[in-house]
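Please keep the sequence and the 3D view at hand while reading.

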Amino acid sequence: MELKNRLFPYPILSPFNNDYMDAVFSTNFDYEIRDDNILFNYAVDINNEEICTFIEEKIAILGFLVECPITSYRELIKVNTLKGDFQVDSDKISNFLTISVFIISNKNIDGYHNNSFNSIYSDISFKIQKFGLLGVGDT
């Protein structure tokens, strides 16, 4: 799912915009084929303390949208740790796979403000709906 040029009604932590100053949001994957499954090991790097606290306190979760255009497979895998693994049935994948990474609100957040917001948002707070996106990573 390509969201790189999409506009959001509030700041989004992302490597392709400047809504947050000096922010890092990146993910590294390794994989291993095991029997009928593909095991993905992931490590997410987020240098924003408030977002990391949201994930630790389960106010937000990480979502990995795993898609294969050839088989039409699409699954959102939700996790609440910055490092870990998940499995995908190898029968659902054929030749090509994309994994999009999101930070997803796990509940309504009223008055959201982050100290790393770009200065144009310095005096503004936002209402984030449950399941709203807080971050969009590279695909």
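L62 has V79 of β4 standing opposite. The model is a predicted one, and in it helix α1, residues 49–56, packs on the sheet and touches β3, β6 and β9. The direction of α1 makes about 85° with that of β3.

The sheet itself is open and has four strands, in the order β4-β3-β6-β9, with antiparallel pairing. Its edge strands are β4 and β9, each of which pairs on one side only. From one strand to the next the twist averages 25°.

Strand β3 (residues 60–68) and strand β4 (residues 73–79) run antiparallel and are joined by seven bridges. Besides the L62 and V79 pair, F64 has I77 in β4 as its bridge partner.

The two strands β3 and β4 form a hairpin, and four residues lie between them. In the turn, S72 has a positive phi of about 65°.

## The three-stranded sheet

Another open sheet is built from three strands in the order β1-β2-β5, again with antiparallel pairing. Here β1 and β5 (83–89) are the edge strands, and each pairs on one side only. Neighbouring strands of this sheet are turned against each other by 25° on average, with direction ignored.

Between β2 and β5 the antiparallel pairing extends over seven bridges.

## The largest pocket

Rolling a probe the size of a water molecule over the atoms shows where empty space is left. In this model the largest pocket holds about 210 Å³ of space. Its lining consists of F29, Y31, I33, I38, F40, I93, L97, T98, I99 and T139. Two or more lining residues come from each of β1 (25–34), β2 (37–46) and β6 (98–105). The most are given by β1, with three residues.

What is the make-up of the lining in nonpolar, polar and charged residues? Eight of the lining residues are nonpolar, two are polar and no residue is charged.

## L134 in strand β9

L134 belongs to strand β9, residues 133–136. Is L134 buried or exposed? Its relative accessible area is 1%, which is under 20%, so L134 counts as buried.

With its neighbours within four places in sequence left aside, L134 is in contact with I12, L13, Y20, I51, F54, A60, I103, S105, I109, Y112 and I128. Among these, I51 and F54 fall within the residue range of helix α1, and A60 falls within that of β3. The C-alpha atoms of L134 and I120 are separated by 17 Å, and these two residues are 14 residues apart along the chain.

## N118 in a loop

N118 sits in the loop between β7 (109–112) and β8 (126–128). Although N118 is placed in a loop, N118 is buried, because its relative accessible area of 10% is under the 20% limit.

Which residues does N118 contact, leaving aside its neighbours within four places in sequence? The contacts are N18, D19, Y20 and M21. One of these, Y20, is also listed among the contacts of L134.

Technical notes
Residues are numbered from 1 along each chain as its sequence is written. This is a predicted model: local features need pLDDT of at least 70, side-chain atom pairs count only at pLDDT 80 or more; totals for chains, interfaces and linings use all residues. Side-chain values use heavy atoms; hydrogens and water are left out. On a 1 Å grid over the protein atoms alone, a cavity is a set of points where a 1.4 Å probe fits but cannot get out, and a pocket is an open set with protein on both sides within 12 Å along at least five of seven lines; lining residues have an atom within 4 Å of a point. Grid points are joined across faces, edges and corners, and a volume is the space filled by probe spheres set on the points. Ala, Val, Leu, Ile, Met, Phe, Trp, Tyr, Cys and Pro count as nonpolar, Asp, Glu, Lys and Arg as charged, and the others, Gly among them, as polar. Buried means under 20% relative accessible area, exposed over 50%, partly exposed in between (1.4 Å probe, protein chains only). Contact means heavy atoms within 4.5 Å. Two strands pair if DSSP finds at least two bridges between them. Axes are lines fitted to C-alpha atoms, for helices over the stretch in contact, and angles run from 0 to 180 degrees between N-to-C directions.
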